[in-house]
Amino acid sequence: MTTQLPLQRWHIPEPAAEQVHELIDATGLPPLLAQVLINRGIVTPDAAQIYIDPESETLPSPEAEFPDLTSSIDLITEALNDNEKISICGDYDADGMTSTALLLR
């Protein structure tokens with residue numbers, strides 16, 4: 001019995017020397033890392049900084065992103081104070097399972 005190798009092959013993009021040098025000059029990243037970031041579509045110094053150090057990104061306030069957040073927190077707090085039951089529903093994908101587990105705790 002002979003084993004045949006799969007027909008899939010890695011596609012490695014051609015090096016983008018000019019973009020790599022620009023990213024290296026702006027960020028001080030090693031050349032290989034700069035090329036990997038460019039291959040992933042991260043081509044600006046700001047985007048590279050956020051990718052390397054996500055904590056450096058300034059995020060909007062949760063209240064601005066979720067206008068009903070404050071009233072939701074008030075409802076949950078009131079239910080907890082009154083010893084009421086709270087239903088938690090989640091789905092079976094990665095973020096659904098994770099968020100459901102966090103809420104249950």
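Is Pro-45 buried, partly exposed or exposed? Pro-45 is partly exposed, because its relative accessible area is 36%, where buried means under 20% relative accessible area, exposed over 50%, and partly exposed in between (1.4 Å probe, protein chains only). This is a predicted model, in which local features need pLDDT of at least 70 and side-chain atom pairs count only at pLDDT 80 or more, whereas totals for chains, interfaces and linings use all residues. Residues are numbered from 1 along each chain as its sequence is written, and side-chain values use heavy atoms, with hydrogens and water left out.

**Confidence**

- The protein chain has a mean pLDDT of 90, and 99% of its residues reach 70 or more; pLDDT is the predictor's confidence in each residue, from 0 to 100.
- Helices are DSSP runs (H or I, at least four residues), numbered from the N terminus.

**Surface patches**

- A patch of negative charge on the surface gathers Asp-74, Glu-78, Asp-82 and Glu-84.
- Patches are made of residues with over 30% relative accessible area and no salt bridge; like charges are joined within 9 Å, and nonpolar side chains (Val, Leu, Ile, Met, Phe, Trp, Tyr) within 5 Å.
- A salt bridge is a side-chain nitrogen of Lys or Arg within 4 Å of a carboxyl oxygen of Asp or Glu.
- Asp-74 belongs to helix α5 (residues 69-81) and counts as partly exposed because its relative accessibility is 49%.
- Ile-76, Leu-80, Ile-86, Ile-88, Leu-103 and Leu-104 make a nonpolar surface patch of about 580 Å²; α5 and α6 are the elements that give two or more residues to this nonpolar patch.
- Accessible areas come from the Shrake-Rupley method with a 1.4 Å probe.
- Leu-80 is placed in helix α5 and is exposed, since its relative accessible area is 55%.

**The loop between α5 and α6**

- Asn-83 is located in the loop between α5 and α6.
- Although Asn-83 is not a glycine, its phi is positive, at about 55 degrees.
- Asn-83 counts as exposed because its relative accessibility is 71%.

- Pro-45 lies in helix α3 (residues 45-52).
- Val-36 is found in helix α2 (residues 31-39) and counts as partly exposed because its relative accessibility is 31%.
- Val-36 and Ala-64 are 28 residues apart along the chain, and a distance of 34 Å separates their C-alpha atoms.

Notes: Lys, Arg positive; Asp, Glu negative; His and termini not counted. Charge placed at Lys NZ, Arg CZ, Asp CG, Glu CD.
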